[in-house]
Structure formats: structure tokens, C-alpha cells
Amino acid sequence: MEKTPRDFIFDNLLSMSAYWACTGAIIASLTAYYGFSLALSNVVTGLSGTLPILQLAGGLAYERTTRPLRFLRLCNGTWRVLLPLVFFSVLLPRTAGAPLMVVCYVLAIGIYQFACPSQTDWLVSSVEGRVRGDYYSVREMFFMLTYTGVFCAVSLIIDRAARHGAQQTGFLAVGVLETMLLAASLTVLLRLPAPERPEKEEPAPAATALLEPLRNRRFRRVMLTNMVWSLSGMFIGGFAAVYQIQVLELTFFEIMVWVTAGNLCRSLCTPLMARLAARIGWKNVTALTIAMMACVAALWAAATRQNAAYLFPVLSILGAVPYAGMGVGFLKMQVATSPSATRSIYFSVNSLFNGASALLGSVLCSALIGVLEAYPPHALRCIFFVGLAGALAAAVMAARIPCREA
């Protein structure tokens, strides 16, 4: 493998492992440390799924910048500095630490999402045609293995700290680990070459640029499918991160063990998904994996404190498998239905509507939580049925997309 594709893999391993290890249950635990309500905790925990709405502004800014490499380095460097501060906020009194944590987390996630379309375009333009067809699947597999190791380390730190009544020390240790990973990722980021941008005329007006993806019928159907899945996903995975901590009351050790098993299973299934896609196409793999998430939603609806000991392992493993193909599938379909010259705008428009759908899903889910909290805990399980219905609709939509190249 050439140096540039390999460096993109290393950058992804370090930065994305640090990023995703500090979402979900970890952030839910930090919001519990600060005493956030269940509804507010759900909103904060769901930011990684709702802030892609900022990607549109980032894509437009990247299209118009005359110094793309500086743009990429500045944005990527800034969020990697801010993310560890989320955990160092515990050094302050809780009345000051809580708002600082939220501000740093919103900024870190927001700037990451702002830069995401340009980062994806940078990757695709730098490696497309120079790597084997399974490059993205190999990248995903190695990421999952690295992320699993980081997640285990973070979970063990939090679990041990909670057992000894030293949560503040635990979050500080996570902040140190995050700093080390993201500092290493910055050294790799600075080695990446300037992005390759095709020669093109003066950028079109923003309104014209935004309308182009919406007029592309095939891309529009990919985008609509992504939107339906993003909305319904907030009622499944988004809520599950809070549900397992504050309702099922699982320990971090239990979560760490079974999420690790699920991640390992996901990494092993990634090359299998690529082989399956070679036979039936990525759009059908995407439809299949979304349908699997509908099954996961049904199982989450059956989870209680009484059966969590044996049902949570099944949920962790079964819930991880679909992501072995879903992310690559959506990316492949976007690449197959968008022109290379304006691909970052296409990615941005997709992310705008995708993020808006996720934001709507998060708001609706949090509102529903607020209503159902007045009832016995088992009433909250109804939330997963909303996600199940949405996932089934998205699976049918994905299967019907006219996208032979994917």
C-alpha cells in the first residue's frame, strides 16, 4: 500500500478512536456525574448524531477556500485540542464544570462535523483509483480493532474510578489518554499531502450549488434513505446509550466487556460485508444492515433490569454487526451518485439533511422521554418501537434505490 493511503488509515485510527470512544456511554456517564436530567443527558449524548447539520456550512466554506490544506489542518487541529478539555472540566467545581463541559463538547463535535465533508473529500480524492476495492473495508476493520482497545481502556478507567468513589480522577485519566491519542494523530495529520482538487471555474453561487444535489434524482433517494435512518436511529442507538446507564443500571465493566465483544465481531464481519457487497451490491448490504437494526430495536424494547444480564450481551453483539456494512454502504452510494468535481458539496447537503433528521429525532426522543418518565420505567421501552418502524421504512427505501454501481 502506498504511503498516502496508509497515512489516512493511521490518522483515522488515532483520531476517530479517540473521538468515538468518548461518545455514547462515556458522555452519558459524564452527564450523570454532573447530575443532568435524563432528557438533557439524551440531548448531549446525541450531539454526535445531530451536529452533522453543520456540515453544509463546512462544505461551502471548503469549496470557496483558496488554501484547502490550511483549512483542513486548522479545523482538524482545533477539535482535537478541544475534546480532551471535556474531561478536564471536572477540575472545576461542578457548577462551573458542567457548562464548560457542554461548551467544549459542542464545539469539538461541531468543528469536527464542520470539517467532515472536506475530510471525506480529501480522503476520496487522494486514494480513489490508487487502492484496491476493499480499501474502505480494511480501513474500517483496523479502525474497529483500535477503537475497541481504546474503548476498553476508557471503560476500565471509568469503572475502576466509580468502584472507588473517585470519578473525578477517572475522568481526568480519560482526558490524559485522549490527549496522547490526539497529539499523536496531529503528527500524522501534518504528514498528509495537500488535497487534489480538479480544475474548475469560479464556484457557483451558494443557492445554485445547494440545489444541484437536490436535483440529482439518484442522490436524492440516497439522501432521503439516510435521513429516515438517522431519525429512527436516535430512537435506537442514541437512546440506548442513556438507557443502559440510567435505566438498566449496567456497570461500566459489563458495558465494556460486551461492547468489546460486539466491536470485535463487527471488525471480523467487515471483510465479510465487502465480499457480500461484491455479490449483491452495497445498496442491498445497506438495506440488509438497516433491517438488522430493526431487529435490534425490538430486542432493546424487551430489555429490563431483570433480563439485562443475558439480553445485553446479545444486543451488544447483534447491534454491532450492521455497522460493519452500513457506513461503507452509504459512503459507496454517495460516491456512486455524485460527480467528483462537486462531491464535497454533495456530502455537505447530505449531511445537512441527515443532521437535521437526527436533530429532529433527538428532540422528539427527548420530548417522548420527558412524557414517559412520569410512568413506570418499562414505559420507556416504547421509544424503541418508534425506532423499529423507522428502520424498517429506511431498509425498504435503500433496497429500492437505482444505484447499480454501488
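**Fold, helices and selected residues of the predicted model**

Thr-4 is partly exposed, with a relative accessible area of 21%; here, buried means under 20% relative accessible area, exposed over 50% and partly exposed in between (1.4 Å probe, protein chains only). The model is predicted, so that local features need pLDDT of at least 70 and side-chain atom pairs count only at pLDDT 80 or more, whereas totals for chains, interfaces and linings use all residues. Residues are numbered from 1 along each chain as its sequence is written, and side-chain values use heavy atoms, with hydrogens and water left out.

The protein chain contains 17 helices and zero strands; helices (H or I, at least four residues) and strands (E, at least two) are DSSP runs numbered from the N terminus. Its C-alpha trace spans about 60 × 45 × 40 Å along the principal axes. The radius of gyration of the protein chain is 20 Å, which agrees with the value near 22 Å that a compact globule of 406 residues would have; this radius is taken over C-alpha atoms, and the globule rule is 2.2 Å times the number of residues to the power 0.38. Of the 406 residues, 55% count as buried. Among contacts (heavy atoms within 4.5 Å) with a separation of 6 or more, residues 24 or more positions apart account for 85% in the protein chain.

Thr-4 belongs to helix α1, which covers residues 3-21. When neighbours within four places in sequence are left aside, Thr-4 is in contact with Ser-126 and Pro-193. Thr-4 and Arg-191 are separated by 187 residues in sequence, yet their C-alpha atoms are 8.7 Å apart in space. Leu-181, in helix α9 (residues 167-189), is buried because its relative accessible area is 15%. Leu-181 and Val-222, 41 residues apart in sequence, have C-alpha atoms 34 Å apart in space.

Helix α11 comprises 30 residues (217-246) and reaches 43 Å from its first C-alpha to its last, close to the 44 Å expected at 1.5 Å a residue; the expected span is 1.5 Å times one less than the number of residues. A bend of about 50° occurs in α11 at Gly-233, where the bend is the angle between axes fitted to the seven residues ending at a residue and the seven starting there. Helix α11 is mostly covered, with 21 of its 30 residues buried. At its N-terminal end, α11 is capped by Asn-216, a side-chain oxygen of which lies 3.3 Å from the backbone nitrogen of Arg-218. In the loop between α11 and α12 (252-280) lies Glu-249. The phi of Glu-249 is near 55°, a positive value in a residue other than glycine. Most residues other than glycine have a negative phi.

Asn-350 is placed in helix α16, residues 343-372, and counts as buried because its relative accessibility is 4%. Residues up to four places away in sequence not being counted, Asn-350 touches Phe-219, Met-223, Asn-226 and Gln-334. The side chains of Asn-350 and Gln-334 are joined by a polar contact of 3.4 Å. A polar contact is a pair of N or O atoms within 3.5 Å; within protein, one must be able to donate a hydrogen and the other to accept it, and residues adjacent in sequence count only if both atoms are side-chain atoms. Ala-336, in helix α15 (residues 323-336), has a relative accessibility of 22% and therefore counts as partly exposed. Between Ala-336 and Phe-219, the C-alpha distance is 8.5 Å, although the two are 117 residues apart in sequence. Lys-283 is found in helix α13, residues 282-301. Its relative accessibility is 17%, so Lys-283 counts as buried. A polar atom of the Lys-283 side chain lies 3.2 Å from the backbone oxygen of Ala-399.

A disulfide is a covalent bond between the sulfur atoms of two cysteines. With a disulfide taken as a pair of cysteine sulfur atoms within 2.5 Å, the count comes to zero. Cys-152 is in no disulfide, its nearest cysteine sulfur being that of Cys-22, 14 Å away. Cys-265 is likewise in no disulfide, and the nearest cysteine sulfur, that of Cys-269, is 4.1 Å away. Cys-152 is buried, with a relative accessible area of 15%, whereas Cys-265 counts as partly exposed at 24% relative accessibility.
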